[in-house]
Amino acid sequence: MSHVYCPECGFQNPEAANYCARCGAYLRRDDQGETTLSLAPEEVEEDAPASLARGVPALVVRAGGGRAGETFETVGLRTLIGRSPDCHVFLDDVTVSRRHAEIVHEDERYTIRDLGSLNGTFVNRRRIESAVLSADDEVQIGKYRMTFLLP
């Protein structure tokens, strides 16, 4: 059975649903699928995240929580993501665990790991325990949909 995830709260709905059973948001469907765009460094515009100009990988919120456009830089070797204010990426929502996931930088790779969260961590709409991140990968944690950007 196929499912549709709500773009606002991340709730898993039946394929035939038009509206989210949890929050009531419209479940839009793309007949052609999603398209992402990568930019070369010389194509980065003034309104692009400052982290790209500094050469720092970042997560950019695309939907959820009214925080679209907010940027979180990956810091050091380990970036914690969760509902705890102590996390580097603080996502204040009940669908996010206190210590939900982490991004680890090792050997020139960035790996995201779920830290035993209840609602899971998704990369490109697939639930993962651990996955190597590439430029423009979509990361979903709770109702937050973010894009991973590499400089």
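**Stop 1: Asp-136**

Select Asp-136. At 13% relative accessibility it counts as buried, because buried means under 20%. Keep in mind that this is a predicted model. Asp-136 sits in the loop between β11 and β12 (138-141). Now check its backbone. Phi of Asp-136 is positive, about 70 degrees, although the residue is not a glycine.

**Stop 2: Asp-107**

Jump to Asp-107. Its loop runs between β7 and β8 (109-114). Is Asp-107 buried or exposed? Asp-107 counts as exposed, at 69% relative accessibility.

**Stop 3**

Switch to a cartoon view. Strands pair through backbone hydrogen bonds, in parallel or antiparallel fashion. Colour β6, β5, β7, β8 and β11. In that order they form an open sheet of five strands, with mixed pairing. Which strands lie at the edges? They are β6 (89-90) and β11 (130-133), and each of them pairs on one side only.

Zoom in on residues 78-82, strand β5, and residues 101-106, strand β7. These two strands are antiparallel and pair over four bridges. Pick Arg-78.

**Stop 4**

An open sheet of six strands has the order β4-β3-β13-β12-β9-β10, and its pairing is antiparallel. Its edge strands are β4 (71-73) and β10 (126-128), each pairing on one side only. Look at how the strands cross. On average, neighbours in this sheet are turned by 30 degrees against each other, direction ignored.

Select residues 58-63 for strand β3. Strand β3 pairs with β4 over three bridges, in the antiparallel sense. What is the bridge partner of Ala-58 in β4? It is Glu-73.

Stay in β4 and click Thr-71, which lies in this strand. Thr-71 is partly exposed, with a relative accessible area of 31%. Draw a distance from Thr-71 to Val-89, C-alpha to C-alpha. The two are 18 residues apart in sequence, and 9.3 Å separates them in space.

**Stop 5: the nonpolar cores**

The largest nonpolar core has 20 residues. Which of them touch the most other members? Select Ile-81, Leu-91, Ile-112, Leu-133, Ile-141 and Met-146 to see them. The elements giving two or more residues to this core are β3, β7, β8, β11, β12 and β13 (144-149). Of these, β13 gives the most, with three residues.

Centre on Ile-141. Leave aside its neighbours within four places in sequence. Ile-141 is then in contact with Ile-81, Leu-91, Val-96, His-100, Ala-101, Thr-121 and Met-146. Another core lies apart from the largest one. That other core has seven residues, including Cys-6, Cys-9, Ala-17 and Cys-20.

**Stop 6: the salt bridges**

Side chains of opposite charge can pair when their charged atoms come close. How many salt bridges does a search of the whole structure find? It finds seven.

Select Glu-102 and Arg-113. Their side chains meet in a salt bridge, at 3.8 Å from N to O. Glu-102 lies in strand β7 and Arg-113 in strand β8, so the pair ties together parts eleven residues apart in sequence. Compare their surroundings. Glu-102 counts as buried at 8% relative accessibility, whereas Arg-113 counts as partly exposed at 28%.

Glu-106 counts as partly exposed, at 30% relative accessibility.

Now go to Glu-138, in strand β12. The side chains of Glu-138 and Arg-145 meet in a salt bridge, 2.8 Å from N to O. Both ends are shielded: Arg-145 counts as buried at 10% relative accessibility, and Glu-138 is buried at 12%.

Note on methods. Residues are numbered from 1 along each chain as its sequence is written. This is a predicted model: local features need pLDDT of at least 70, side-chain atom pairs count only at pLDDT 80 or more; totals for chains, interfaces and linings use all residues. Side-chain values use heavy atoms; hydrogens and water are left out. Two strands pair if DSSP finds at least two bridges between them. Axes are lines fitted to C-alpha atoms, for helices over the stretch in contact, and angles run from 0 to 180 degrees between N-to-C directions. Buried means under 20% relative accessible area, exposed over 50%, partly exposed in between (1.4 Å probe, protein chains only). A nonpolar core is a set of buried Ala, Val, Leu, Ile, Met, Phe, Trp, Tyr and Cys residues joined through side-chain atoms within 4.5 Å. Contact means heavy atoms within 4.5 Å. A salt bridge is a side-chain nitrogen of Lys or Arg within 4 Å of a carboxyl oxygen of Asp or Glu.
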